[in-house]
Amino acid sequence: MGGPLKRERAVDLDKSTTVRFFRGSLPIGTSQSDTIDAITEHAIEAEVTIPTNCTSGTCGTCLVRLISGEVEIPESLPPGIDDFLISQGGILACCMPPIGDIEIDIIPPL
Ligand code: FES
């Protein structure tokens, strides 16, 4: 049974984070918060649907594409993603929180 991913907080909690969601090139929603952590939670706030299953980095269901900005990527990758997917812009929305403002394409790479 997997537990939550270990990661160091790199997010400045005093600064709000804006997450803009796209479907391809079409803007579909925006979330701005200084309390929300996970991209999946930002998606709920923005009324954007990102499918999830395990919410712990194992299944890969929440794979999306990072258009711009940075997210926290654990040194030891969770089973739901690999180096190739990351090289294609892939990130797991459930467990790779934004570092500052980001833009997300909900269509996964490949
Ligand atoms: S929901 Fe399973 S990896 Fe994100």
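## Burial and the model

A residue counts as buried if 20 or more other C-beta atoms lie within 10 Å of its own, as exposed if 12 or fewer do, and as partly exposed in between, with the C-beta atoms placed from the backbone. By this rule, 28% of the 110 residues of the protein chain are buried.

The structure is a predicted model, in which local features need pLDDT of at least 70 and side-chain atom pairs count only at pLDDT 80 or more, while totals for chains, interfaces and linings use all residues. Residues are numbered from 1 along each chain as its sequence is written.

## Helices and strands

The protein chain holds two helices and five strands, and along the sequence these follow the pattern β-β-α-β-α-β-β. Here helices (H or I, at least four residues) and strands (E, at least two) are DSSP runs, numbered from the N terminus.

Two residues are in contact if their C-beta atoms, placed from the backbone, lie within 7 Å.

Strands of a sheet pair through backbone hydrogen bonds, either parallel or antiparallel. In this model, five strands form an open sheet with mixed pairing, in the order β2-β1-β5-β3-β4, where two strands are said to pair if DSSP finds at least two bridges between them. Because β2 (26-33) and β4 stand at the edges with a single partner strand each, one side of each is left without a neighbour in the sheet.

β1 takes part in both kinds of pairing: β1 and β5 pair in the parallel sense over four bridges, whereas β1 and β2 run antiparallel and are joined by seven bridges. Val19 stands opposite Ile102 in β5, while in β2 the bridge partner of Phe21 is Gly29 and that of Thr18 is Gln32. β1 and β2 also form a hairpin with two residues between them, and Gly24 in the turn has a positive phi of about 65°.

## The nonpolar core

A nonpolar core is a set of buried Ala, Val, Leu, Ile, Met, Phe, Trp, Tyr and Cys residues joined through C-beta atoms within 7 Å. The largest one here has 20 residues, of which Ile50, Cys62, Val64, Leu92, Ala93 and Ile104 touch the most other members. The elements giving two or more residues to this core are β1 (17-23), α1 (39-45), β3 (63-71), β4 (90-92) and β5 (98-105), and β3 provides the largest share, three residues.

Leaving aside neighbours within four places in sequence, Val64 is in contact with Ile50, Ile91, Ala93, Ile104, Asp105, Ile106 and Pro108.

## A loop residue

Leu77 lies in the loop between β3 and α2 (83-87). Leu77 is partly exposed, because 16 other C-beta atoms lie within 10 Å. Although Leu77 and Thr58 are 19 residues apart in sequence, the distance between them in space is 9.8 Å, C-alpha to C-alpha.
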